[in-house]
Amino acid sequence: MLPKLNGVIVPHRKNTAAMPAVKMPAPKSVTIPMNMHIGAPSVPCVKVGDEVKVGQLIAEAGGFVSAPVHASVSGKVTAVGPMLASNGSQVTAITIESDGEMTVSETCVAPAISDYDSFIAAVRASGAVGLGGAGFPTAVKLDVKDTSRIQEVVINGAECEPYITADTRTMIDDADLVKEGVELLKKYLNVQKVVIGIEKNKPEAIAKMNELAREDSTISVKALPSVYPQGGEKVLIYNCVGKIVPEGKLPIDVGVVVMNCTTLTFLAKYAKTGVPLTEKMMTVDGSAVANPQNVIVPIGTSMQDVFDFCGGFKAEPKKLLYGGPMMGIAVPDSTAPILKNTNAILALAAKDAVLPEPTPCIRCGKCIDTCPLKLMPVEYARALATGDMELLEKRKVNLCMECGCCSFVCPARRPLVENNKLAKAELRKYQAEKNGGNK
Amino acid sequence: MDKLILSVSPHLRAKTNTTIVMLDVVIALMPALVMSAVVFGLRALLLVAVCVATSVLAEFLFGLLCKKPCTVGDLSAVVTGILLAFNLPVGVPVWQAVIGSIVAIIVVKQLFGGLGMNFANPAIVGRIFMFLAFSGTMSNYQIPNDAGELVATATPLVATGDEVPTLLNLFLGNNNGCIGETCAVALIAGGIYLMVRKVISFHIPVVFIGTVFVLSLLVVPEGQTAINYALYQILSGGLMLGAIFMATDYVTSPYTKWGKVIFALGCGLITFAIRQWGSYPEGVSFSILFMNILTPYINNWTATKPFGGAK
């Protein structure tokens, strides 16, 4: 038995788990930013006034680690210009006014896939990015060159964040696509072992995936404990295949590729239809939302349009989030667009939105006891306050994945994740200076 | 739509706070408080009231004087007051208890920066201060006799002959000592409550008490059975109170698991050494104070090994 990794018990609030996704009609307009993935921003290839159709290429990949972007509605390009992204930076975005028709582009034909190279090329052309949250370009992840490096593929169906049920619905409603996705991996990446990791609080999804496992001996299902954060990449790999990804290495360095279950089903769908990543299934929930549900939304639709589709607000929203409450990003206003990797949007009423005020740290060590990666947030707080960069380096604040367990559990309500983020940035600066000085 | 709140994740917090933690400690101390009144009479409650009131008032006035936010609501001063009172013989004059409480809150806690910043347990240092400043009253252990009058008798650790209490009386608290330390069963009940509520882990109490127990087995006097002697040692004096409630103080004990083990091992060793070879009959408070001072070093020695971390 491997020693267990720690975590926290969070309230599940999976209110929408029994609701298959509903397709939302075309919004009046969509605003599609060029940085919906990790890596170089995409480069627009349309100009104001151009007529576009659903699935038509509107921006090309801006480099190797990048992804193309496609129109999510049919209509006319009305703007190509700067937009304030949720992280406060300026990013180029393309605005398309919808004609309401959702006409699919004639360029959308099933790609010709015959071998590894054509498979990777298809994945690249599909615009796929990691849909679980991080948005890493899928083609880059799968482009391992030598497929014998892949010992296991871990499919992430953990969905450990409260509220979110989009992946749950994908596994239940699109089980056949999961199966087809696995077939693709077997055929073109020569994958021999697929482990689907699902938190135990989703028995229906586990049952569905077990059906696949019975038909296909390459597939196995790992029921994970309902302890947050099972979906964290390193935690998931450890709990599914018992491997530890060392500091500074990638999962592929230990023979593992991790894919979100929705990324996999998207690839399967793309291989059949050739319609690139233009819509996203996601959970709409939170104490301010009138009718919480799962919705299929054109990428670039504003949060406001999606909330309106869900019956508007039943209480005044005080906080809007991309993603779940543990790692989600708060946005300044409801015009924020749905991105490729948005798996939920939440609107929280005052009772959930206002966080308690911090009080002095009482050094209880609960942040250490709950950290899945065995880090020491209490020490980072002190080290950052005193500028002790050596201590930050020695105690490996750089490994922090910002999962939020420490802040969640802290009785003094210290903003530990915020502190860790700052400490990581300060440490990077310090290390860059140190290395610069050595040269 | 009004202005939206922007904050860094997580946007969800566990239903806990420092006040709830401190309230749990206060609740855990209640059985022992009741037993202190049963064994030592109502004057025990008076001492607790005086220490708590003085501690809270001192904390409040210090905040007012230094224009700092009022922190009495976190209940940590209440815990300090109860623990200090529990470490006093029942006959200690009220004015001495007042001075002890002021030293604990102002000198040991607030002058170092308030809650979370003190390096030593305020109640422990308050008690040691009183022990040195008022050694007469602090070593005059009295207990009500059948007529209800306070009379001085030997504490279990110095008792000889007929004065030696039975193990059962030690367990139930029917023996002389400081007002909050005599009833082992009440203190253990409080400790179990704190563990169930996950306020403390088992490490410090079990290792501290276990160390004293095991070491006592090595020095059994002639004519006594080893188990009886070792049980007598762990049920006597301030060990239960110290190991369960004072050594487990978050601020002044290590925050790593192995750190807690080392800390408690040290406490047990020093307590045993003072009891065995020192000129004081009891060494629990000194042992905790000494290990408090070592805590930052222990934290450093026992730092966690990050998951997947490179050397």
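B:Asn118 touches A:Arg363, B:Val108, B:Lys109, B:Phe112, B:Val251 and B:Thr252, leaving aside residues up to four places away in sequence; a contact here means heavy atoms within 4.5 Å. B:Asn118 itself is found in the loop between H4 and helix H5 (122-133) of chain B. Helices (H or I, at least four residues) and strands (E, at least two) are DSSP runs, numbered from the N terminus. B:Asn118 is buried, with a relative accessible area of 2%. In this report, buried means under 20% relative accessible area, exposed means over 50%, and partly exposed lies in between (1.4 Å probe, protein chains only). The C-alpha atoms of B:Asn118 and B:Ala264 are separated by 19 Å, and these residues are 146 residues apart along the chain.

The structure is a predicted model, in which local features need pLDDT of at least 70 and side-chain atom pairs count only at pLDDT 80 or more, while totals for chains, interfaces and linings use all residues. Residues are numbered from 1 along each chain as its sequence is written, chains are lettered from A and ligands numbered from 1 in the order in which they are written, and side-chain values use heavy atoms, with hydrogens and water left out.

**Chain B as a whole**

Chain B contains 13 helices and 2 strands. Its C-alpha atoms fill a box of roughly 80 × 50 × 30 Å along the principal axes. A compact globule of 311 residues would have a radius of gyration near 19 Å, and the 20 Å of chain B agrees with this; the radius is taken over C-alpha atoms, and the globule rule is 2.2 Å times the number of residues to the power 0.38. Of the 311 residues in chain B, 54% are buried. Among contacts in chain B with a separation of 6 or more, 72% join residues 24 or more positions apart. Chain B exposes about 13,400 Å², of which carbon and sulfur atoms supply 70%; the areas come from the Shrake-Rupley method with a 1.4 Å probe.

**Charges and salt bridges**

Chain B has 15 positive and 12 negative side chains, and the centres of the two sets lie 21 Å apart. Lys and Arg count as positive and Asp and Glu as negative, whereas His and the chain ends are not counted.

Side chains of opposite charge can pair when their charged atoms come close. A salt bridge is a side-chain nitrogen of Lys or Arg within 4 Å of a carboxyl oxygen of Asp or Glu, and the count over all chains comes to 25. Three of these pairs are listed below.

| Lys residue | Glu residue | N to O distance |
|---|---|---|
| A:Lys53 | A:Glu106 | 3.1 Å |
| A:Lys429 | A:Glu426 | 3.3 Å |
| B:Lys109 | B:Glu59 | 2.9 Å |

In chain A, A:Lys429 and A:Glu426 both lie in helix H14 (residues 416-438), 3 residues apart, about one turn of the helix. A:Lys429 is partly exposed at 48% relative accessibility, and A:Glu426 is partly exposed at 29%. A:Lys53 is partly exposed, with a relative accessible area of 31%, whereas A:Glu106 counts as exposed at 59%. Finally, A:Arg124, A:Asp143 and A:Lys145 are linked in a network of salt bridges.

Technical notes:
The place of a charge is taken as NZ of Lys, CZ of Arg, CG of Asp or CD of Glu.
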